[in-house]
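Subject: Structure handover

Hi,

Here is the structure for you to look at. My notes follow directly below it.

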Amino acid sequence: MGGAHPHRPQARSRNWTGNWRRTPGRILGVGLVRLYQLTLSAFIGNACRHLPTCSEYAYEAVARHGLWIGGWLACFRVLRCGPGGTSGIDRVPTEIQPRTAGWRPWTLWRYGTRRTGDGG
């Protein structure tokens, strides 16, 4: 018999489990996030004020949008999580508007400041 054992629950990942292209940049990016999750995250603690956590957000952002745009989205998310920042549910946008070019990363800041109509 193939598949999962009927009495054993399937393992659930804390990270995004959707399909994503395995390009070298994305593999490097999610690998670095996963390394952080397995090592430094335990020392820093669970102090993130958002859901999903900043590292889960970074994993999904890099997997969905690549290392450059996903990395900038993750950077801006960490900055929003700091003192005086935002809190609550902050999902990774499913689509990035074409006018938000990769050569203008500061335009990606707005994806975390809006609560509706951001594709997520």
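Arg80 and Asp90 form a salt bridge, with their closest N and O atoms 2.8 Å apart. The term salt bridge here means a side-chain nitrogen of Lys or Arg within 4 Å of a carboxyl oxygen of Asp or Glu. Arg80 sits in helix H3 and Asp90 in the segment after E2, so the pair ties together parts that are 10 residues apart in sequence. Helices (H or I, at least four residues) and strands (E, at least two) are DSSP runs, numbered from the N terminus.

This is a predicted model: local features need pLDDT of at least 70, side-chain atom pairs count only at pLDDT 80 or more, and totals for chains, interfaces and linings use all residues. Residues are numbered from 1 along each chain as its sequence is written, and side-chain values use heavy atoms, with hydrogens and water left out.

Back to the salt bridges. Arg77 also forms a salt bridge with Asp90, with the closest N and O atoms 3.8 Å apart. This pair links distant parts of the chain: Arg77 is in helix H3, Asp90 in the segment after strand E2 (88-89), and they are 13 residues apart.

Asp90 counts as buried because its relative accessibility is 1%. Arg80 counts as buried at 3%. The cut-offs: buried means under 20% relative accessible area, exposed over 50%, and partly exposed in between (1.4 Å probe, protein chains only).

The count comes to 3 salt bridges. One of them joins Arg64 and Glu60, with the closest N and O atoms 2.8 Å apart. Both residues lie in helix H3, 4 residues apart, about one turn of the helix. An α-helix has 3.6 residues a turn, so residues three or four places apart point the same way. Glu60 counts as buried because its relative accessibility is 12%. Arg64 is partly exposed, at 26%.

The side chains of Glu60 and Arg64 also make a polar contact (2.8 Å). A polar contact is a pair of N or O atoms within 3.5 Å; within protein, one must be able to donate a hydrogen and the other to accept it, and residues adjacent in sequence count only if both atoms are side-chain atoms. Leaving aside neighbours within four places in sequence, Glu60 is in contact (heavy atoms within 4.5 Å) with Trp16 and Val92.

Now helix H3 as a whole. How far does H3 (residues 54-81) span between its end C-alpha atoms? The span is only 8 Å, whereas a straight helix of 28 residues would span 40 Å at 1.5 Å a residue. That expected span is 1.5 Å times one less than the number of residues. H3 bends by about 140° at Gly66. The bend at a residue is the angle between axes fitted to the seven residues ending there and the seven starting there. H3 is mostly covered, with 20 of its 28 residues buried.

Trp68 is exposed, with a relative accessible area of 52%. Trp72 is partly exposed, at 28%. Trp72 and Phe76 form a tilted pair, 5.6 Å centre to centre with 35° between the planes. They are 4 residues apart in helix H3, so about one helical turn separates them. Phe76 counts as buried, at 10% relative accessibility. For the pairing rule, rings of Phe, Tyr and Trp (its six-membered ring) pair if their centres lie within 6.5 Å; planes under 30 degrees apart count as stacked, over 60 as edge-to-face and the rest as tilted.

Two more places to check. Cys81, in helix H3, counts as buried at 15% relative accessibility. The C-alpha atoms of Cys81 and Arg49 are separated by 6.4 Å, although the two are 32 residues apart along the chain. Beyond neighbours within four places in sequence, Cys81 is in contact with Cys48, Arg49, His50 and Cys54.

Then there is a cis peptide bond between Leu51 and Pro52, with omega about 0°. Pro52 is in the loop between strand E1 (50-51) and H3. Most peptide bonds are trans.

Best wishes
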